[in-house]
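Please consult the sequence and structure shown here.

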Amino acid sequence: MTLTRESKSPRTTKSLDTGQVLGVVDGRDHTGVGAWLIQRPLEWRLGVHVVAIDPSAAFRKALRMWLPRTAVAVDHFHLVSLANQAVTEVRQQLSHQVHGRRGRAVDPAWAHRMLLLRAGDSLSDNARARMENVFATDDPTGKLKAAWDVKEQVRVLLRTGSLEEAELAKKRLEELVQESKQPETTRLWRTICRWWKEIEVLIVTGATTGKVEANNTSIKHIKRTARGYRNPNNYTSVILLRSAARTAA
C-alpha cells in the first residue's frame, strides 16, 4: 500500500504492488487518513507490511497511530526533489549576490540551471564541461558547487544497497553539509535526519511510490474532463472504478 498527495485533489490510498486506488480521503491532515485506516478490518491492517509515502508528517503520524507495526518507507524521488530544490534556491540567491538581480539567459548558472539538477553520473563529457564552466565563471563563492555536491551525495545515499553503506554515505553527507555552511543544505540535512528511519526502510525494501504515480495523472484527467465534480462521492466512485478497471486489464 502506498499513500500519495495529490495537488488540489483529495488524498488517495493505493496498492504498492499494483498501483490500484484503494480509497480516497478528503482533507490533508492525519485525521482524514487515520479515519480511513481505522475503518479497515483489523485483519486487513495486520496484513499491511510496508507503506511508501512522500515526506509528509501527516501521513507518518496517521500510520504510527493506526499501523504501528508497519514499516514505513519514504519515496526517494521526493527526497531527490528536495535536494534539487536546495540547489535551485542557492543558485537564485547567488544571482542576487553576484549580479544584483534575477538570473538571465546571459548568466551561465541560469542558462544551465536544468543541467545542475541532472544526475551527475548521467552527464556526458560535454555536459560536464558546461557544468564545470558554470562553477568556474558564475560561482565565485563556491556555494553553488557545495550545494551541488550535497545534492549528489543525497543521491549516492539513496542508491546504497545496505544499511552499513547508508551510514557511511550519511556521514559523508554530514561532512559536506558542514563544509557548505548554508541554510538550504542545513535544512535538507535536518530533513534527512528526521526521516532517517523511513530512509532505512527504503534502502532495505526498495519500496517507493513509483508504480502508482501514473494513477495520479489519471485522477487529474478525470477531474479535468469532468470539468469538476460537485458531488465528492461521485468523484470517488469514478476514481475507484477506473483504477480497478486498469488493474484488471
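The model is predicted, so to speak of local features requires pLDDT of at least 70 and side-chain atom pairs count only at pLDDT 80 or more, while totals for chains, interfaces and linings use all residues. Residues are numbered from 1 along each chain as its sequence is written, and side-chain values use heavy atoms, with hydrogens and water left out.

**Helix 7 and helix 8**

- The axes of helix 7 (residues 125–138) and helix 8 (143–159) come within 9 Å and cross at roughly 135°; helices are DSSP runs (H or I, at least four residues) numbered from the N terminus, and axes are lines fitted to C-alpha atoms over the stretch in contact, with angles from 0 to 180 degrees between N-to-C directions.
- Helix 7 is therefore oblique to helix 8, where angles under 35 degrees count as roughly parallel, over 145 as roughly antiparallel, 65 to 115 as roughly perpendicular and the rest as oblique.
- Arg128, Met131, Val134 and Phe135 of helix 7 make the contact (heavy atoms within 4.5 Å) with Leu144, Lys145 and Trp148 of helix 8.
- This contact has 5 nonpolar, no polar and 2 charged residues; Ala, Val, Leu, Ile, Met, Phe, Trp, Tyr, Cys and Pro count as nonpolar, Asp, Glu, Lys and Arg as charged, and the others, Gly among them, as polar.

**Helix 8 and helix 9**

- Helix 8 and helix 9 cross at roughly 170°, their axes coming within 9 Å, and the two are therefore roughly antiparallel.
- The contact of helix 8 with helix 9 comprises 9 nonpolar, 2 polar and 3 charged residues.

**Helix 9 and helix 11**

- Helix 9 (residues 163–180) packs against helix 11 (residues 196–205) at an angle of about 135°, with the axes 10 Å apart, which means that helix 9 is oblique to helix 11.
- Leu163, Ala166, Glu167 and Lys170 in helix 9 meet Trp196, Glu200, Ile203 and Val204 in helix 11.
- By class, 5 nonpolar, no polar and 3 charged residues form this contact of helix 9 with helix 11.

**Largest cavity**

- The largest cavity has a volume of about 80 Å³; a cavity is a set of points on a 1 Å grid over the protein atoms alone where a 1.4 Å probe fits but cannot get out, and lining residues have an atom within 4 Å of a point.
- The volume is the space filled by probe spheres set on the points, which are joined across faces, edges and corners.
- Helix 4 (76–99) supplies the largest share of the lining, 5 residues.
- The lining divides into 4 nonpolar, 3 polar and 3 charged residues, including Arg91, His99, Trp110 and Asp138.

Definitions and conventions: On a 1 Å grid over the protein atoms alone, a cavity is a set of points where a 1.4 Å probe fits but cannot get out, and a pocket is an open set with protein on both sides within 12 Å along at least five of seven lines; lining residues have an atom within 4 Å of a point.
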